[in-house]
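Dear colleague,

Please find the structure below, handed over for your records. A short account of the findings follows it.

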Amino acid sequence: MTGLVGDRAAAISLFLLFIAGCLFVSMLASPDLQQGGGGFYTHPARSRPLRQGLALTGDFVSAAGVLYFCGIVAVAGYDGVFLIVAAALSPLLLKVWLAERLPGGPGRSLGDVLARRLPSGPARRAAGVATLVVSLPLLVAQLVPIGRITAALMGVPGRTGEITGIVLVGVLICACAGIGGVRGATLLQIGKAVALVVVAPLLAVLVLANFHWDYGELLTRAAQGSGAGDAYLAPGMLFGTGTTDRLDTLSLALTVLLGTAFLPHLLTRLSASPTVNAARRASSWAVLASCLLCATAAVTGYGIQALIDGETLREAGPRGGDNVLLLAAALDGGDPAGKAPPGTLLTFVSCVAFLIVLASAMVLLLAGSAAIVHDLGRDRHALSGHGPVPRRLRARTALLLVGGVCIGLAVTGRTANAQFWLTLSYTEAATVVLPGVAYSLLWRRFTVRGLRWCVHGGTLVTVVLLALSPAVSGSPHALVPDADWSLFPLHAPGLVSIPAAFLLGALGSLRRPDKGTPARPGPQEAEPVNATGTLRP
């Protein structure tokens with residue numbers, strides 16, 4: 001990517017103007033300018049279903065997902081499309097099951113969801129831990145590729161450029177999140193979803209136009225470019241064709257399907273819907289938009305392999321986040337590996353990629369800050385929009401703490417395969433959040449001890465299995481490629497860790513009932529609502 005830009009004055013000017021626009025939107029949405037002060041974590045009231053659906057789509061589609069899913073299709077062919085199908089089904093799970101049960105709550109943190117049927121303090125503390133272990137790796141996965149993209153646009157090469165880009169983008173994201181709060185993040189999420197709905201089909205159309213609208217020719221050229229021939233269009237390119245390799249692909253697909261639907265910030269937004277009908281309609285828009293984006297990602301991924309030479313793709317790294325930008329450079333008529341100035345399409349796609357990262361990272365930062373202040377903190381009213389200014393200052397301080405930790409992790413782990421961070425985050429969401437939410441909503445005997453066993457035990461199982469997997473050692477693209485202590489054969493341990501967390505939650509709840517666990521929601525907790533928004537009896 002460092003060779004993509006030569007005379008870049010116009011590109012830098014447009015990029016800086018775009019950044020200024022994002023800051024301006026955050027300032028307009030700032031809770032400090034709202035009547036009565038507003039709430040730092042308060043979702044916009046009475047959002048229309050289309051607006052809420054676009055925001056949900058933005059929550060579903062992270063920057064890492066957009067950049068790396070296209071890269072996986074380019075490298076793995078059939079297996080990459082299989083993963084994209086799993087990602088497309090995830091919003092459907094949200095619509096069919098979660099939209100019926102989550103609306104009607106405060107919508108400030110995951111703790112608000114779990115505290116509906118469990119003692120508030122212990123449930124919130126467990127929810128805070130779960131939110132942090134899911135959000136931090138996903139936030140690191142956003143910062144690494146956009147740091148490289150920013151360094152390339154600014155013309156700062158090598159290690160220094162990557163570090164500078166990551167730090168500058170991280171500071172800007174912290175500034176936008178601290179200024180705009182949830183309202184600002186929601187506006188940028190909507191803008192991001194609209195931009196994706198425009199840009200993704202545009203790239204797919206341009207790719208197909210290069211092959212005279214012949215999808216078969218596109219697949220043939222992609223298979224030839226991969227060097228694998230017909231095997232590129234058959235299962236097995238991602239991990240292999242053996243039984244264990246097929247299980248590995250299945251495990252990753254299951255992790256993507258369940259982990260995406262149970263990301264804490266997404267559940268928080270859905271729970272803020274006033275009624276079940278509003279949540280259903282918003283979820284329907286999210287399903288349609290996500291399916292469109294996933295379908296175009298399949299075309300774009302094959303286009304990357306067909307239009308970019310193998311050497312350039314290898315230099316970009318395995319399933320690299322630069323692949324979409326390389327494709328934009330090729331469609332612009334330039335040489336992706338050359339030093340020609342960036343064309344209009346490349347600059348535009350770079351700005352959209354930056355918006356995707358900015359919006360996604362803002363939501364993750366706010367989720368982590370809410371987990372610290374609202375769930376792990378002692379002051380349960382720190383999120384109230386009617387509280388004094390120091391409470392909002394406390395929330396922003398927590399946000400800066402989370403942002404600083406993630407910037408440090410992104411800088412130190414910038415050479416790691418970003419798929420590792422995505423796998424860790426999605427596996428944690430499916431292993432820790434899914435059992436806790438499912439049990440708390442469906443099983444009346446579920447206790448705080450069961451929730452703790454889900455969160456802490458599930459996290460331990462995930463970390464241990466990943467540490468012993470080929471994602472960390474024993475493979476060319478592992479975190480430690482020169483060593484081999486891998487004992488667990490799967491890159492994505494969700495096939496084992498998810499059932500293990502469900503089992504731990506059941507054992508913890510059945511071992512001995514917790515004293516003080518209410519048989520029904522307490523008076524201060526949110527009751528389920530029906531389709532009209534009234535309380536269910």
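Predicted model: local features only at pLDDT ≥ 70, side-chain atom pairs only at ≥ 80, totals over all residues.

Residues are numbered from 1 along each chain as its sequence is written, and side-chain values use heavy atoms, with hydrogens and water left out.

Helices are DSSP runs (H or I, at least four residues), numbered from the N terminus. The axes of helix α2 (residues 49–60) and helix α7 (residues 158–210) come within 8 Å and cross at roughly 80°; axes are lines fitted to C-alpha atoms over the stretch in contact, with angles from 0 to 180 degrees between N-to-C directions. The two helices, α2 and α7, are therefore roughly perpendicular (65 to 115 degrees). On the α2 side, R51, L54, A55, T57, G58 and D59 meet T186, L187, Q189, I190, K192, A193 and V194 of α7 (contact: heavy atoms within 4.5 Å).

A search of the whole structure finds 2 salt bridges (a side-chain nitrogen of Lys or Arg within 4 Å of a carboxyl oxygen of Asp or Glu). In one of these, the side chains of D112 and R124 meet at 2.7 Å, N to O. This pair links distant parts of the chain, with D112 in helix α5 (residues 110–114) and R124 in helix α6 (residues 120–154), 12 residues apart.

With kind regards

Notes:
Parallel < 35°, antiparallel > 145°, perpendicular 65-115°, else oblique.
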